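Please open the model in a viewer and keep the selection tool at hand.

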Amino acid sequence: MKYAYYPGCTLKSYADNLESSVLAVAEKLGIQMEELPHWTCCGTVFSQADDDLVHQIAPLRILLDAQKVGAKKLLVVCSMCYNTLKQASLLFEKKPDKLETLNLFLDDEDDYLGEVEVVHFLQVLRDEVGIEEIAKQVVRPLTGLNVAPYYGCLLLRPQEVAFDEPERPTVIEEILVALGAEAIMDPLKVECCGSYQTVNNKEIIADRTRTIINSARSRGAEMIALDCPLCDFNLDFRQKESEKKYTDFFTMPILYYTQLMALAMGINGDIYGFDKHYVDPRPLLKEYELI
Amino acid sequence: MKPSDNGFEPRIVAFLCKWCAGAGADLAGVSRLQYAPNAVPIMFNCTGRLDPTFVLKAFTQGADGVFIGGCHPGDCHYLTGNYNALKRVILLEKVLVQFGINPRRLRLEWVSASEGNKFARVMNEFSAEIKKLGPLEKLEVSRCE
Amino acid sequence: MRIILKGSKVKSKLTEKVEKISGQNIFACYQCGKCSAGCPMIDSMDYMPNQAMKLLQMGAAEEIINSKTMWMCASCHTCSVRCPRDIDLSAVMEALRLIYLRTNVNKVEPSQIPEEELKDLPQIALVCNFRKMTR
Amino acid sequence: MKRIGVFVCHCGINIAGTLDINKIIHRISNYPGVAHAEHYEYMCSDPGQNIVRDTIKDQYLDGIVVAACSPTLHETTFRNAAKDADMNPYMVEIANIREYCSWVHRDRPEDATEKAIRIIRTAVEKVRRNESLYPVKIPVFHKCLVIGAGISGIQAALDVANAGFEVILVEKSPTIGGRMAQLSETFPTLDCSQCILTPKMVEVSRHPKIRLMAYSEVKEVTGSIGNFHVKILKKPTYVDTDKCNLCGECVNVCPIIIPSEFDRGMSMRKAIYMPFPQAVPSTYCLDEANCLGLNPLRCSKCQDVCEPGAINYDMKPEIIEEDVGAIIVATGYDLYHKEALTEYGLGIYEDVIDGLQFERLLSASGPTSGEIHRPSDGEVPKDVVFIQCAGSRDEKHNPYCSKVCCMYTAKHAMLYKHRVPDGQAYIFYIDIRSAGKDYEEFVQRAMEEDRILYLRGKVSKVFKEGEKLVVWGVDTLTGQKVEVLADLVVLATAIVPRAATPEIVNKLKIAADGNGFLKEAHPKLRPVESLTSGIFLAGAAQSPKDIPDAVSQGSGSASKAIGILSQKKLQHDPTITDVEEIACGGCGICISVCPYTALSMDDRRNVVLVNDVLCEGCGTCAAACPSGAAELRNYTNRQVREMICAALSKV
C-alpha cells in the first residue's frame with residue numbers, strides 16, 4: 001500500500017504527536033506514505049462561495065502536486081485538510097468548467113485532470129488495512145480503558161465527504177475495540193467543538209468542551225480519542241478555560257486515536273508525545289499499567 | 001429585409017391541438033378579441049400529431065411562418081403529446097437554419113383553454129414578427145395556386 | 001421595532017447577493033427550524049438560523065447584516081446535513097460573512113489578538129479563523 | 001372524385017356581418033371537388049338541418065363541410081343530420097369561421113373573408129380523403145379483479161359485487177383488512193377501527209359474488225379493457241380450512257418464535273399463526289419461510305397435535321386463471337423504513353417507534369391490551385414526544401406531504417392522554433394540515449381539552465441519556481431552542497408505496513409517479529383511472545390517504561369498473577391509428593412514444609400491431625413513424641399535406 005501523503009501545517013508543529021504516531025502506525029501496518037515534495041497550505045477551510053474560485057487554487061495546487069508524483073490516491077491525516085481537499089476535488093469533478101478556468105489561470109503548470117482521490121487515514125485503516133489486521137498487531141491490549149471516540153464535524157459533513165454514516169459513525173469505535181479498549185457510545189461525538197471560534201470566543205469553546213466532556217464522562221468514559229488537531233486543541237487546551245469558568249468541572253485526557261494505536265502496538269514510546277497535552281494522560285494510562 | 005409597414009401580409013399556418021390551444025382560440029372568439037387574420041388554423045387532436053415534415057411542407061408551400069399551439073406541460077390530454085411536439089420543434093429549429101430559414105419563423109406556444117387573451121396576443125406578436133422578417137424568399141418556392 | 005415590508009424591500013439586493021454567492025434558494029426554506037434545533041452555537045446568536053433565513057426572505061437587510069448570527073456560525077454543517085429542504089445553510093452564512101468582509105473590513109483584527117494567546121493557538125485555528133473573519 | 005357539399009351558415013350577423021358570404025360561395029363553388037355550395041341564415045336550425053339532409057340526398061354528396069361555429073357546439077348536430085341522410089357521420093367536417101374568423105377579425109372584413117375561404121378549403125381537402133368509420137366494438141367479461149384487500153379494496157369489491165357482478169379479491173397476506181385492521185381508534189370520531197372494519201371483512205367473506213383469494217398474488221396480466229386474462233398464484237397455507245376447527249393447539253406447540261408483522265414487532269408470533277383473532281379468512285397459516293421444515297421428519301409438532309388432521313405438508317402452490325373485464329388496484333402503503341432517519345435514532349433506540357407501532361400499543365387487542373408501555377422496559381411513559389414530518393416533506397427522504405400524519409398524531413397524543421392522564425404529550429410540527437370534515441375541530445380539541453403541547457419546529461436530534469431520550473427541538477414561534485427528556489418518542493414516518501408496487505406496475509403495464517405511487521390518468525379529472533383503460537386505482541397505493549378518502553376512491557373505482565362491466569359491448573371512437581404492414585419496418589419508434597401502450601411488436605413478422613381498444617387517437621405514433629406506415633385515420637399524412645396547401649392557397 002503506497003500513498004502520496006499530505007501532512008499540512010499543523011501536523012508539523014502543534015500536532016507533531018499526531019503525525020509521528022500516524023507514521024509509526026503506518027509503518028507497522030505496511031502503509032507506505034510518501035510526503036508530497038513541495039506541499040503548500042490547503043487553505044484550511046473550503047470556500048463555500050460560488051463566486052470565489054481564487055480560494056480553490058490552494059487545494060488545486062496540492063492535487064496537482066499529487067498528480068505530478070503519479071498518485072492515484074492522496075492520503076490526508078488532518079481532518080480539516082481532508083475536508084478542504086476532498087470538497088475541492090469533488091467540486092472539480094462536478095463542475096469541470098470551474099476546473100478548466102482554474103487550469104487556464106495556472107497557465108505555467110500542467111492541467112489538473114481531476115483524477116486524484118482524496119482519502120483519509122481512517123479510511124485506509126478501515127478499508128485497505130482492515131480492522132482485523134489492526135487487531136492482529138496489538139501486543140499490549142488497552143483492556144479496561146474506557147474511551148469515548150469523538151469525530152467532530154469535518155470528517156462527516158457535508159454528506160459528500162463523509163466516509164462513514166454522518167449521524168452515527170463507527171470507524172474509531174471499531175479501531176478502539178480492536179485495540180482492546182472499551183468504546184463508549186456518546187451521542188455528542190458528532191457535535192461541533194466550536195472550531196475556529198476558539199480564537200476570539202474562547203468562552204464559548206469552554207462551554208462546548210465542558211458539555212462534550214461531561215457527556216462522555218456521564219457514559220463512563222475516562223478519556224476521549226479524536227483525530228482532528230483543532231478539536232484536540234479545543235477539547236484539550238481549552239479545558240483550562242472550562243476549569244476557570246466552572247468550579248465543578250473535572251478535566252479529562254484527550255488523545256489522538258493513533259497515539260492509542262501506537263501504544264497498543266507496542267511502538268517505541270518516543271513518538272507518543274503525551275507530554276504535549278494540557279491534560280496529562282499518563283496518570284490514567286499508568287493506572288491501567290499501559291505505560 | 002423589408003420594412004414592416006410595406007403592406008406585406010404574411011401567410012401563416014397555425015397547427016392547434018383541439019383540447020387546449022384550439023379551445024383557447026375559441027375563447028378568444030367568444031370574447032371577441034381582435035387579432036391579426038394572417039394565420040389559418042389546422043386542427044389536430046394533439047400536437048403530438050405534428051410530423052416535422054408538415055412544418056417543412058408549409059414553408060415549401062409558401063408559408064412565411066408556422067405556429068404551433070399546444071397544451072401547457074403536464075396538461076396534455078394525451079399525457080405526453082406536447083412534449084413530443086416540443087422535442088420536434090427544437091430539432092426543427094436546427095434543421096430550418098440548415099435550410100436558410102430563420103428559426104424565428106417557427107413558433108411553439110403553450111395556450112390553455114382559458115387563455116383566450118394569450119392566444120390573441122401571440123397571434124398578434126407572431127404576425128408582427130413575421131411582417132418584420134418579411135416574406136420567405138430564400139427558398140425556391142412554388143406557391144400553391 | 002416594526003419591519004416595514006414592501007415589494008421593493010422583499011426583492012432585496014442583499015438576498016439576491018446571498019443567493020448568488022451561496023448558490024442556494026433562500027425561498028426554499030419553509031421554516032421548520034431543524035437548523036436551529038441542532039445548531040451548536042445558537043446560544044450565542046441573536047437571531048436563530050431559521051430566523052435569519054426568514055429575515056432574508058423578508059429582505060430585512062439591516063437586521064441581518066448587523067446580526068451576530070453569521071459570525072457565531074462555526075461552519076460545522078450540521079444544519080446543512082439535516083435540512084429537509086436541502087438548503088446548504090452553512091453556505092448561506094458564508095455568503096453573509098463575505099458580503100460584510102467584501103466591504104473591506106475585518107471582523108477579527110489579527111493584530112489585536114494578545115501575544116500569549118497567539119503563542120498557544122495552533123496555526124489551524126488561526127488560519128481558519130482569519131479565513132472566515134477577515135477580508 | 002368525391003362529391004363534396006359546402007354549407008355556409010350566416011349565424012345571423014355573427015358571420016354574415018363580417019364575412020362576404022357571396023364571395024365565399026363563389027370561390028368555394030369553383031374549388032376542386034366541391035359539387036355544391038349553399039348558404040343559410042341559421043344552419044343549425046331545423047330548416048337549416050333539413051337543407052343539409054335534403055341536399056346530401058339530392059346532390060348525391062359523399063361528404064360535407066359545414067362552415068359555421070366551433071365544432072364543440074354543433075359537430076354532433078350535423079353528424080346526426082348526415083346520418084339521417086344515410087351518410088357516415090365521419091364524412092362531416094366543420095369549418096370554424098365564427099370563433100376563428102368572423103368574431104376575431106371584425107375590423108378587417110376582406111382579410112377575414114379570405115381567411116374563411118382558406119379555412120373552408122382545408123376542411124374540403126380533409127373531407128375529400130376521409131373514410132367512413134364505424135365504432136370499435138369490444139366484448140366484455142363481466143367480472144372484476146380487485147388487487148389488495150385493505151379498506152379501499154374491500155369497499156371496491158363490495159360495491160362491484162353489490163351491483164351484481166362477480167369479483168375476485170386477491171390479497172397477498174393471510175388475512176384481509178390491510179392497514180386499517182392494525183389501527184386502534186380512528187380520527188376524528190375515535191370509533192374503534194376493528195369495530196367498523198370487521199363487519200365489512202365478514203361481508204366480503206360471505207358475499208356470494210365475491211371470490212376471496214387470501215395469501216395469493218397476481219402473477220401475470222395480459223389483454224386489455226374488457227378482456228384481461230390474469231394468472232393468480234395461490235400460496236399454500238398448509239392448513240386445510242375445511243378441517244381446521246380453530247383449536248389453536250398447533251400454535252401452542254410450534255417452537256419457532258418470530259416478531260409479528262401485524263403488531264409491527266411489538267409482539268411475537270409462531271411460524272404457524274393467525275395474524276389476529278378476527279382475521280378473515282378465519283384460519284391458520286403455516287409460514288413456509290420460518291417453519292423448521294415442511295418435512296415431517298424435521299419437526300412436525302403441529303401436525304402431530306392437530307386432531308382434525310387439518311395440517312397438510314403436501315399442499316402445493318396453485319395457479320388460478322381468470323378472465324376479467326376490469327381491474328382495481330388497491331395495494332396500499334408502507335411506512336418509510338425507519339433506519340433512514342439516523343438523527344432520530346430510529347432502529348437503535350427501542351423507545352423510538354413509528355406511528356403504526358404506537359397504534360398497536362394503543363389498540364385494545366394489541367400486545368399491551370391498549371395500555372401504554374414502552375418497548376424497552378415496559379414502563380408507562382410520562383413524557384411522550386411526537387415528531388411529525390419524519391421523512392416527509394424532506395428533500396433527503398420523501399418530498400411530499402404524507403397527508404394523514406397531522407391527524408393521526410393529534411389522535412395519538414389524545415389517546416395517550418386518555419390512557420395516561422398524568423402524562424404529557426409534546427407534538428413537534430411544521431404545519432398542521434387538518435383539512436377535512438371535523439378535522440380542525442379535532443386538532444383544536446387535542447390542544448384545548450387534552451392540553452397537548454404543540455411546538456412549532458422540527459426536532460434535530462434524539463439521543464439516549466440514561467433511561468431518558470433527549471429530544472433537541474426548537475420552537476420557532478418563541479425563537480427558543482427546546483429540549484425534552486422523553487420516555488418515548490413516536491415518529492410520524494412518511495407513507496410510502498408498498499415495496500412490491502414496481503412489480504405491480506410492470507405486471508399491469510400501468511405507471512408510477514416520481515415517488516413510486518400509482519399514477520392516475522389525470523390529476524384532476526380522472527383521479528381513479530390508471531393510464532391503461534380498464535384498470536382503476538384505489539386507496540393509498542395512488543397517494544397517501546385517510547380512511548374516508550380511501551373508501552371514496554374504492555367506491556369511485558368500483559363505479560368506473562361497473563361502467564365497463566354493465567355494458568354488453570364496449571364502444572370506442574374509431575379515430576385511431578392503422579399500421580400498414582407492408583410499409584412497417586418494425587423499428588418500434590411508435591411503440592416508444594405511445595402513451596397508452598396501444599402498440600406492440602409482432603415479433604414473428606416484425607411489424608407493429610395496433611390495439612384498437614387502447615388507442616386514443618392522438619397521432620403521436622403517426623408523426624414519429626419514419627416510413628409513414630402508421631397513419632391516424634382521417635388525419636393521414638396525405639390529408640394534412642393537402643390541408644396545408646389549401647391553407648396557403650391564393651384566394
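**Stop 1: chains B and D**

Select chain B together with chain D: 45 residues of chain B are in contact with 45 residues of chain D, where contact means heavy atoms within 4.5 Å. The model is a predicted one, in which local features need pLDDT of at least 70 and side-chain atom pairs count only at pLDDT 80 or more, while totals for chains, interfaces and linings use all residues. Residues are numbered from 1 along each chain as its sequence is written, chains are lettered from A and ligands numbered from 1 in the order in which they are written, and side-chain values use heavy atoms, with hydrogens and water left out.

Four pairs of chains touch, and the pair B and D has the most contacts among them. About 3900 Å² is buried between chain B and chain D, with carbon and sulfur atoms giving 60% of that area. Buried area here is the accessible area (1.4 Å probe) that two parts lose on being put together, summed over both.

Next, display the side chains of B:Arg49 and D:Glu631. These residues form a salt bridge, with their closest N and O atoms 3.9 Å apart; the term requires a side-chain nitrogen of Lys or Arg within 4 Å of a carboxyl oxygen of Asp or Glu. Two salt bridges are found by the rule across the interface of chain B and chain D. The same interface has 15 residue pairs in polar contact, both residues being at pLDDT 80 or more. A polar contact is a pair of N or O atoms within 3.5 Å; within protein, one must be able to donate a hydrogen and the other to accept it, and residues adjacent in sequence count only if both atoms are side-chain atoms.

Now colour the elements of chain B that give two or more residues to the side touching chain D: β1 (12-17), α1 (21-30), β2 (39-44), α2 (52-60) and α3 (81-98). Helices (H or I, at least four residues) and strands (E, at least two) are DSSP runs, numbered from the N terminus. That side of chain B consists of 24 nonpolar, twelve polar and nine charged residues. Ala, Val, Leu, Ile, Met, Phe, Trp, Tyr, Cys and Pro count as nonpolar, Asp, Glu, Lys and Arg as charged, and the others, Gly among them, as polar.

**Stop 2: chains C and D**

Select chain C with chain D, where 20 residues of chain C are in contact with 21 residues of chain D. The area buried between chain C and chain D is about 1600 Å², and carbon and sulfur atoms give 49% of it. Of the area that chain C buries against chain D, 34% comes from C:Tyr30, C:Lys34 and C:Ala37, more than from any other three residues.

Which residue of chain D forms a salt bridge with C:Arg85? The partner is D:Glu395, and the closest N and O atoms are 2.7 Å apart. Three salt bridges are found across the interface of chain C and chain D, and twelve residue pairs there are in polar contact. In chain C, α3 (34-38), α4 (49-58) and α7 (78-82) each give two or more residues to the side that touches chain D; α3(C) gives the most, with four residues.

With chains B and C both displayed, no contact joins them, and their closest C-alpha atoms lie 23 Å apart.

**Stop 3: chain D alone**

Hide the other chains and view chain D, which has 18 helices and 36 strands. Its radius of gyration, taken over C-alpha atoms, is 33 Å, well over the 26 Å that the globule rule gives for 651 residues, so chain D is more spread out than a compact globule; the rule is 2.2 Å times the number of residues to the power 0.38. Along the principal axes, the C-alpha atoms of chain D fill a box of roughly 95 × 65 × 45 Å.

Then centre on D:Ser649, in the segment after α18 (637-648) of chain D. Is D:Ser649 buried or exposed? At 4% relative accessibility, D:Ser649 counts as buried, the term meaning under 20% relative accessible area, with exposed over 50% and partly exposed in between (1.4 Å probe, protein chains only). The side chains of D:Ser649 and D:Arg121 are joined by a polar contact of 2.9 Å. A polar atom of the side chain of D:Ser649 also lies 2.7 Å from the backbone oxygen of D:Ala646.

**Stop 4: helix α7 of chain A**

Finally, select residues 171-178 of chain A, helix α7, of whose eight residues six are buried, so the helix is largely enclosed by the rest of the structure. Just after α7(A), A:Gly180 takes a positive phi of about 95 degrees.
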